[in-house]
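Subject: Structure for your review

Dear colleague,

Please find the structure below for your records.

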Amino acid sequence: RSSDLEKHQSEELFCLLRELCLTLRNAKDWVSKYMCMGWWKKLLLANSIKEEFEQVNDRIGDAAGGLSMLLQTEHRQKFLEFFQERQLHRQNQKDAEEDLLEIKNYFQGGLERVADSVDHVQSAVKFVGDNVQQILDILEKSMVPQRPNITEIGRA
């Protein structure tokens, strides 16, 4: 879209510049023609010379006005493009910051869940370890041959 606009503006600029060049050549020819006239002829043709001068002046003014509008349009377009680029850059930066915050929160929540799981596993391991120790203590007591109580044997 931007390249189409630039192409269209370039074509308009070329046409306006070509028109201005033609008008300036005509003005130069007219001034040369006027300079070669004698003073008495200038006096007789003063009214028509004035009209021709006004026409040339109007054409130059029209071409200059067209160039000015075209340049203002181009300047406005470049300003809008620059403004849009800055807006996009700001929006991208804001989106990136929001994404980073979301990722940080996600990982922070994940770390908390992992920490809770580790605490739970640690408690379970301690519980199992305590139970294993109790079982080992019971097995150790049952594996040791018990000496019969001598006093009991003697009485029987």
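The findings are set out below, from the overall fold to individual residues.

This is a predicted model, in which local features need pLDDT of at least 70 and side-chain atom pairs count only at pLDDT 80 or more, while totals for chains, interfaces and linings use all residues. Residues are numbered from 1 along each chain as its sequence is written, and side-chain values use heavy atoms, with hydrogens and water left out.

The chain has four helices and zero strands, and its elements run α-α-α-α from the N terminus. Helices (H or I, at least four residues) and strands (E, at least two) are DSSP runs, numbered from the N terminus. Of the 156 residues, 10% count as buried; buried means under 20% relative accessible area, exposed over 50%, and partly exposed in between (1.4 Å probe, protein chains only).

Glu19, Glu51, Glu54, Asp58 and Asp62 form a negative surface patch. Such a patch joins like charges within 9 Å, using residues with over 30% relative accessible area and no salt bridge (a side-chain nitrogen of Lys or Arg within 4 Å of a carboxyl oxygen of Asp or Glu). Asp and Glu count as negative, and the place of a charge is taken as CG of Asp or CD of Glu. Accessible areas come from the Shrake-Rupley method with a 1.4 Å probe. Helix 3 (residues 46-143) supplies the largest share of the patch, four residues, whereas Glu19 lies in helix 1 (residues 2-36).

Yours sincerely

Technical notes:
Patch = residues over 30% accessible without salt bridge, like charges linked within 9 Å, V, L, I, M, F, W, Y side chains within 5 Å.
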